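Here's a quick look at the pockets in this model, with a stop at one of the helices along the way. Have the structure open while you read.

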Amino acid sequence: MPKWLPAHEFLIYLSGVMEIVLGIMLLFSRTKKLAALFIIFMLVAFLPSHIYMIQIAPFQLGKILVTPLIAWLRLPFQILLMGWAWYYYRDWGK
């Protein structure tokens with residue numbers, strides 16, 4: 001979590017709750033499209049954290065050593081997930 005963001009612990013819990021809520025919303029046809037759109041927004045909001053991880057790597061995250069390579073690999077994965085969510089956002093409701 002970038003140091004310039006306030007309330008780190010709150011933001012971590014909030015993002016976790018949002019991930020769960022959006023995942024549940026994907027289960028229902030009425031909320032699937034909205035969930036996919038908000039998943040894209042959430043993944044975009046996470047990009048500063050991923051860039052920050054690249055800047056501070058290597059670092060220890062619990063028992064895992066996050067190397068610069070691992071930090072860099074997370075970034076395109078986020079973009080892939082955004083594309084996947086966009087694909088389903090476009091296709092739902094056709």
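The second largest pocket comes out at about 270 Å³, in a predicted model where local features need pLDDT of at least 70, side-chain atom pairs count only at pLDDT 80 or more, and totals for chains, interfaces and linings use all residues. Residues are numbered from 1 along each chain as its sequence is written, and side-chain values use heavy atoms, with hydrogens and water left out.

A pocket here is an open set of points on a 1 Å grid over the protein atoms alone, where a 1.4 Å probe fits, with protein on both sides within 12 Å along at least five of seven lines; lining residues have an atom within 4 Å of a point. Volume is the space filled by probe spheres set on the points, which are joined across faces, edges and corners.

| Pocket | Volume | Nearest its centre |
|---|---|---|
| Largest | about 700 Å³ | Met1, Ile12, Ser15, Phe46, Ser49 |

The lining of the second largest pocket has eleven nonpolar residues, no polar ones and one charged.

Now for helix 3 (residues 68-91): at 1.5 Å a residue, its 24 residues should span 34 Å, and the end C-alpha atoms sit 36 Å apart, which agrees. Its buried residues (under 20% relative accessible area, 1.4 Å probe, protein chains only) are Ala71, Leu75, Gln78, Met82 and Ala85.

Terms used: Helices (H or I, at least four residues) and strands (E, at least two) are DSSP runs, numbered from the N terminus. The expected span of a helix is 1.5 Å times one less than its number of residues. Buried means under 20% relative accessible area, exposed over 50%, partly exposed in between (1.4 Å probe, protein chains only). Ala, Val, Leu, Ile, Met, Phe, Trp, Tyr, Cys and Pro count as nonpolar, Asp, Glu, Lys and Arg as charged, and the others, Gly among them, as polar.
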